[in-house]
Each structure stands twice: as structure tokens, then as C-alpha cells.
Amino acid sequence: MAINNDKIDDAALALLYLTLHNDDRAWKGFDWDVLGRLHTKGMIDDPVGNVKSVVFTQEGLEHAKKLFKELFGE
């Protein structure tokens, strides 16, 4: 089965928004490949490191909020 990585990335970005704290941070509990793609797309800062959270870019934060509402809002 072919997998659409963009859809996976969108879902992961929306779920990262669910764990939003300190204005622009989210807990990084996702696959490293997904986090790497989100970083490449400019949605989050570099996820590599010992810190247990990632920092949204401004564009990433806005897109995550929009996706969260679309995917999980009523």
C-alpha cells in the first residue's frame, strides 16, 4: 500500500498542537522521520537533541492550529 506522507505529517502536526505548552512548544513523541519532514517543511525547529519538546515556527503554529480545527473540531 502506498502511504501519503503529507497526510501523516498533517495529522502529526495537528496532534503536536494538542500538546502545546509555553506558547510554542509541543511534546515530541512522534516518529523521527515525521519530525524530520516537519522540520524540513519549516513547521518546527530542529527536533534533534535531548529536549523532550519541539518548538513550532510561527508558520507551523498557525498551520497546526488550522489542521487541528479541521481534523478534530466539531
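Visitor: How many aromatic pairs are there?
Guide: Rings of Phe, Tyr and Trp (its six-membered ring) pair if their centres lie within 6.5 Å; planes under 30 degrees apart count as stacked, over 60 as edge-to-face and the rest as tilted. By this rule, the count of aromatic pairs comes to 2.

Visitor: What kind of model is this?
Guide: Residues are numbered from 1 along each chain as its sequence is written, and side-chain values use heavy atoms, with hydrogens and water left out. Local features need pLDDT of at least 70, side-chain atom pairs count only at pLDDT 80 or more, totals for chains, interfaces and linings use all residues, and the model itself is predicted.

Visitor: Is the aromatic pair of Tyr17 and Phe68 stacked, edge-to-face or tilted?
Guide: A pair of aromatic rings is described by the distance of the centres and the angle of the planes. For Tyr17 and Phe68, the centres are 5.7 Å apart and the planes make 50°, which is tilted.

Visitor: How many residues apart are Tyr17 and Phe68?
Guide: Helices (H or I, at least four residues) and strands (E, at least two) are DSSP runs, numbered from the N terminus. Tyr17 belongs to helix H1 and Phe68 to helix H3. The pair links distant parts of the chain, with a separation in residues of 51.

Visitor: Which residues do ring pairs link into a cluster?
Guide: Phe68 is partly exposed, at 23% relative accessible area (buried is under 20%, exposed over 50%, partly exposed in between, with a 1.4 Å probe and protein chains only). The cluster consists of Tyr17, Phe68 and Phe72.

Visitor: How far apart are the end C-alpha atoms of H1?
Guide: The expected span of a helix is 1.5 Å times one less than its number of residues. The 14 residues of H1 should therefore span 20 Å, in agreement with the end-to-end C-alpha distance of 20 Å.

Visitor: Which residue caps the N-terminal end of H1?
Guide: A polar contact is a pair of N or O atoms within 3.5 Å; within protein, one must be able to donate a hydrogen and the other to accept it, and residues adjacent in sequence count only if both atoms are side-chain atoms. Here a side-chain oxygen lies 3.0 Å from the backbone nitrogen of Asp6. That oxygen belongs to the capping residue, Asn4.

Visitor: What is the phi of Asp23?
Guide: Most residues other than glycine have a negative phi, and most peptide bonds are trans. Asp23 sits in the loop between H1 and E1 and is exposed, with 70% relative accessible area. Its phi is positive, near 75°.

Visitor: How many salt bridges does the structure hold?
Guide: A salt bridge is a side-chain nitrogen of Lys or Arg within 4 Å of a carboxyl oxygen of Asp or Glu. One of them pairs Glu70 with Lys66, the closest N and O atoms being 3.1 Å apart. Those two are 4 residues apart in helix H3, about one helical turn. The salt bridges number 4.

Visitor: Where does the salt-bridge partner of Asp6, Lys41, lie?
Guide: The closest N and O atoms of Lys41 and Asp6 are 2.8 Å apart. Asp6 is in helix H1, 35 residues away in the chain, while Lys41 is in the loop between H2 and E2.

Visitor: Which residues do salt bridges that share partners join into one network?
Guide: Lys41 also bridges to Asp9, at 2.7 Å between the closest N and O atoms. Asp9 is buried at 1% relative accessible area, while Lys41 is partly exposed at 36%. The network is Asp6, Asp9, Arg37 and Lys41.
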